[in-house]
Amino acid sequence: MPTVSINDVSVNESQGVALLTVTLSHPISKPVWILYYTKDGTATSRGRHKDYETKIGLLAIRPDSLSATIAIKIIKHNIAEPTEYFDVILFKSLNATIADGSGRVFISGDMPGATMAEFSQKIEISSPKSLEIKVIPNPTASQFNLTVETNNKTGEIDLKVMDV
């Protein structure tokens, strides 16, 4: 019985789609059917800033063929992010066994010159309880997310960037 495997791919957000190839170890005279689904990693398929469209599907490899393609829609947004990933999982097959059932999709942003830095800085704020954050050079993204931690609570704040 032949085996199937799926590849890993790297895409840029602006490509709009990730194409993964499912390959059969050798052709057979019957169709091979494979069930698959997407699984979040650091890239997510939910929420306001989702990175890709969730997909669950049935893929067919035609008789006497060696491969078929899974297409996953990638969402472009103007937020500076590090490279993220999600997985495409092959979980059931007919007329073949699964040899490598996990394909990883790496998504890189396409904001030239944009960088994302993670830092931790303790800031004491007294009256009037405001904080000014300057981003230099001026960001091209129009919205950012800021996580704020106090003594025993964590919260997120959405920031709208305005030119001054």
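This note goes through a predicted model in numbered points, from its sheet to its side-chain contacts.

1. Ground rules. The model is predicted, so local features need pLDDT of at least 70 and side-chain atom pairs count only at pLDDT 80 or more, while totals for chains, interfaces and linings use all residues. Residues are numbered from 1 along each chain as its sequence is written, and side-chain values use heavy atoms, with hydrogens and water left out.

2. The five-stranded sheet. An open sheet is formed by 5 strands in the order E2-E9-E7-E4-E5, with mixed pairing. Strands (E, at least two residues) and helices (H or I, at least four residues) are DSSP runs, numbered from the N terminus. Two strands pair if DSSP finds at least two bridges between them. Strands of a sheet pair through backbone hydrogen bonds, either parallel or antiparallel. Strand E2 (9-12) and strand E5 (56-61) stand at the edges with a single partner strand each, so one side of each has no neighbour in the sheet. From one strand to the next, the twist averages 30°. The axes behind such angles are lines fitted to C-alpha atoms (for helices, over the stretch in contact), and angles run from 0 to 180 degrees between N-to-C directions.

3. Strands E4 and E7. Strand E4 (residues 32-40) and E7 run antiparallel and are joined by 8 bridges. In this part of the model, Tyr37 stands opposite Ile89 in E7.

4. Strands E3 and E6. Another antiparallel pairing joins strand E3 (residues 17-24) to E6 through 7 bridges. Thr21 has Thr69 in E6 as its bridge partner. Buried means under 20% relative accessible area, exposed means over 50%, and partly exposed lies in between (1.4 Å probe, protein chains only).

5. Aromatic pairs. The whole structure holds 3 aromatic pairs. In Tyr85 and Phe106, the ring centres are 6.5 Å apart and the planes stand at 50°, so this pair is tilted. The rule takes rings of Phe, Tyr and Trp (its six-membered ring) with centres within 6.5 Å; planes under 30 degrees apart count as stacked, over 60 as edge-to-face and the rest as tilted. Tyr85 belongs to strand E7 (residues 84-94) and Phe106 to strand E9 (residues 102-108), so the pair ties together parts 21 residues apart in sequence. Tyr85 is partly exposed at 23% relative accessibility, and Phe106 is partly exposed at 33%.

6. Salt bridges. A search of the whole structure finds 3 salt bridges. The term means a side-chain nitrogen of Lys or Arg within 4 Å of a carboxyl oxygen of Asp or Glu. Side chains of opposite charge can pair when their charged atoms come close. Asp87 is buried at 8% relative accessibility, while Arg104 is partly exposed at 29%. Arg46 and Asp40 also meet in a salt bridge (3.1 Å, N to O); Arg46 is exposed at 60% and Asp40 partly exposed at 21%. Lys50 and Glu53 meet in another (3.3 Å, N to O), with Lys50 partly exposed at 26% and Glu53 partly exposed at 28%.

7. Nonpolar patch. Trp33, Leu35, Leu58, Phe91 and Leu94 make a nonpolar surface patch of about 470 Å². E4 and E7 are the elements that give two or more residues to the patch; Leu94 lies in strand E7. Patches are made of residues with over 30% relative accessible area and no salt bridge, with like charges joined within 9 Å and nonpolar side chains (Val, Leu, Ile, Met, Phe, Trp, Tyr) within 5 Å. The areas come from the Shrake-Rupley method with a 1.4 Å probe, and for residues only the protein chains shown count as cover.

8. Positive phi values. Most residues other than glycine have a negative phi. Asp64 has a positive phi, near 65°. Asp64 is found in the loop between E5 and strand E6 (67-73) and is exposed, with a relative accessible area of 60%. Asn95 also has a positive phi, near 75°, and lies in the loop between E7 and strand E8 (97-100).
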